[in-house]
Amino acid sequence: MVQLSPPKSSFDQSNFGKRTLSTAIGGPLAIGAVLLGTPYVDGLAILLTGTLLWEWSKMSGLPLTHPINGLIAFLIGWAILGPGAFLASFCLMLAGFSLIFYYHYRLKTKLIPSLVLLSGPVYIGLGMTAILNLAKFSPLTLLWALMIVWTTDIGAYVVGSIVGGPKLVPVISPGKTWAGFVGGSMLGSAMGITIAPYCQIGIESQIMMFSLTILTTFVGHTGDILESAAKRLFKVKDSSHIIPGHGGLLDRIDSLLLVALFFIILKYFKIF
């Protein structure tokens with residue numbers, strides 16, 4: 001997740017230390033799984049998906065036994081054991097979602113609440129499928145995305161903590177500031193440009209490279225804001241408390257889910 005600023009305007013060294021320790025442990029595990037490939041990245045994807053669906057169930061009240069979660073499990077299995085084609089997975093997910101949503105409609109449940117409840121697992125499922133596809137067919141691109149998202153996270157937290165200032169989206173998340181948004185985006189973009197040659201991104205135009213990296217940080221911020229909106233809707237502070245200093249796994253990976261989807265779209269249209 002791209003944390004734009006902490007709830008307080010002052011820099012919390014204790015919380016920053018916990019966040020740093022958690023990242024120092026989780027980061028190498030994620031990078032190692034991506035570099036080692038199958039079956040390590042597949043196993044990690046299953047573990048992450050299960051945890052994310054559990055957190056969404058805990059937040060929203062959607063039972064883990066709901067058919068939509070079974071569809072997500074099938075989708076992840078498709079990505080691991082099947083051809084891994086994201087377009088086919090997307091069509092499968094869309095068809096299944098439509099059928100289950102129609103089932104809710106036939107039961108005369110309220111449409112908007114049902115849509116919100118079901119959209120979480122769909123977002124998680126498609127995002128994790130996108131991550132799996134990148135891990136299998138373009139692992140260096142996934143590592144590039146990880147480094148941009150993590151640097152944006154760290155930069156935004158530090159800059160937002162120290163500078164403070166006007167709030168970005170006070171109605172959704174009162175802690176997020178414009179200073180964190182801009183600072184995180186600049187640092188994340190700088191990281192992306194610096195390591196792009198090592199990740200074999202292959203974009204020669206500096207203008208294009210800067211545009212892509214800065215847009216990637218914006219997409220990451222958007223993923224963060226979407227998850228913050230869901231937490232506010234469900235009246236919870238964190239998706240869970242399994243990661244010290246970070247909250248839940250969904251609080252950490254929400255930005256990457258949307259960035260992975262964004263990269264899959266760019267790959268499909270051969271933007272890079």
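How many aromatic pairs does the count come to? The count comes to eight aromatic pairs, where rings of Phe, Tyr and Trp (its six-membered ring) pair if their centres lie within 6.5 Å, and planes under 30 degrees apart count as stacked, over 60 as edge-to-face and the rest as tilted.

This is a predicted model, in which local features need pLDDT of at least 70 and side-chain atom pairs count only at pLDDT 80 or more, while totals for chains, interfaces and linings use all residues. Residues are numbered from 1 along each chain as its sequence is written, and side-chain values use heavy atoms, with hydrogens and water left out.

**Aromatic pairs**

Select Phe262 and Phe263. Their rings form a tilted pair, 5.9 Å centre to centre with 40 degrees between the planes. Phe262 counts as buried because its relative accessibility is 16%, and Phe263 counts as buried at 0%; buried means under 20% relative accessible area, exposed over 50%, and partly exposed in between (1.4 Å probe, protein chains only).

Next, select Tyr268 and Phe269. This aromatic pair is edge-to-face, at 5.2 Å centre to centre and 90 degrees between the planes. Tyr268 has 51% relative accessibility, so Tyr268 counts as exposed; Phe269, at 57%, also counts as exposed.

**The whole chain**

Zoom out and colour by secondary structure. The protein chain has nine helices and two strands; helices (H or I, at least four residues) and strands (E, at least two) are DSSP runs, numbered from the N terminus. From the N terminus on, the order of elements is α-α-α-α-α-α-β-β-α-α-α. Of the 272 residues, 52% count as buried. Taking contacts between residues at least 6 apart in sequence, 75% join residues at least 24 apart, with contact meaning heavy atoms within 4.5 Å.

**Helices α8 and α9**

Select residues 206-234 for α8 and 249-268 for α9. These helices pack at an angle of about 135 degrees, their axes 8 Å apart. Axes are lines fitted to C-alpha atoms, for helices over the stretch in contact, and angles run from 0 to 180 degrees between N-to-C directions. Helices α8 and α9 are therefore oblique to each other, since angles under 35 degrees count as roughly parallel, over 145 as roughly antiparallel, 65 to 115 as roughly perpendicular and the rest as oblique.

The crossing of α8 and α9 is right-handed. A crossing is left-handed if the near helix is turned anticlockwise from the far one by less than a right angle, and right-handed if clockwise.

Show side chains at this contact. On α8, the residues that meet α9 include Leu212, Leu215, Val219, Leu226 and Lys231. On α9, those that meet α8 include Leu250, Asp254, Leu258, Phe262 and Phe263. By class, the contact of α8 with α9 has 10 nonpolar, five polar and five charged residues. Here Ala, Val, Leu, Ile, Met, Phe, Trp, Tyr, Cys and Pro count as nonpolar, Asp, Glu, Lys and Arg as charged, and the others, Gly among them, as polar.

**Helices α2 and α3**

Move to α2 and to α3 (residues 67-81). They pack at an angle of about 165 degrees, with axes 11 Å apart, and are therefore roughly antiparallel to each other. The crossing of α2 past α3 is right-handed. Asp42, Ile46, Thr49 and Leu53 of α2 make the contact with Asn69, Ile72, Ile76 and Ile80 of α3. By class, this contact has five nonpolar, two polar and one charged residues.

Centre on Thr49, which lies in α2 (residues 40-60). Is Thr49 buried or exposed? Thr49 counts as buried because its relative accessibility is 5%. Leaving aside neighbours within four places in sequence, Thr49 is in contact with Ile72, Ile76 and Met128.

**Leu146 and Ile31**

Select Leu146, in helix α6 (residues 139-163). At 6% relative accessibility, Leu146 counts as buried. The C-alpha atoms of Leu146 and Ile31 are separated by 8.5 Å, although these residues are 115 apart along the chain.

**Backbone stops**

Most residues other than glycine have a negative phi, and most peptide bonds are trans.

- Thr38 and Pro39: a cis peptide bond joins them, with omega about 5 degrees. Pro39 lies in the loop between α1 (13-36) and α2.
- Gln200: phi is near 55 degrees, a positive value. Gln200 sits in the loop between α7 (178-195) and α8 and counts as exposed at 63% relative accessibility.
- Lys235: phi is near 60 degrees, again a positive value. Lys235 is in the loop between α8 and α9 and counts as exposed at 74% relative accessibility.
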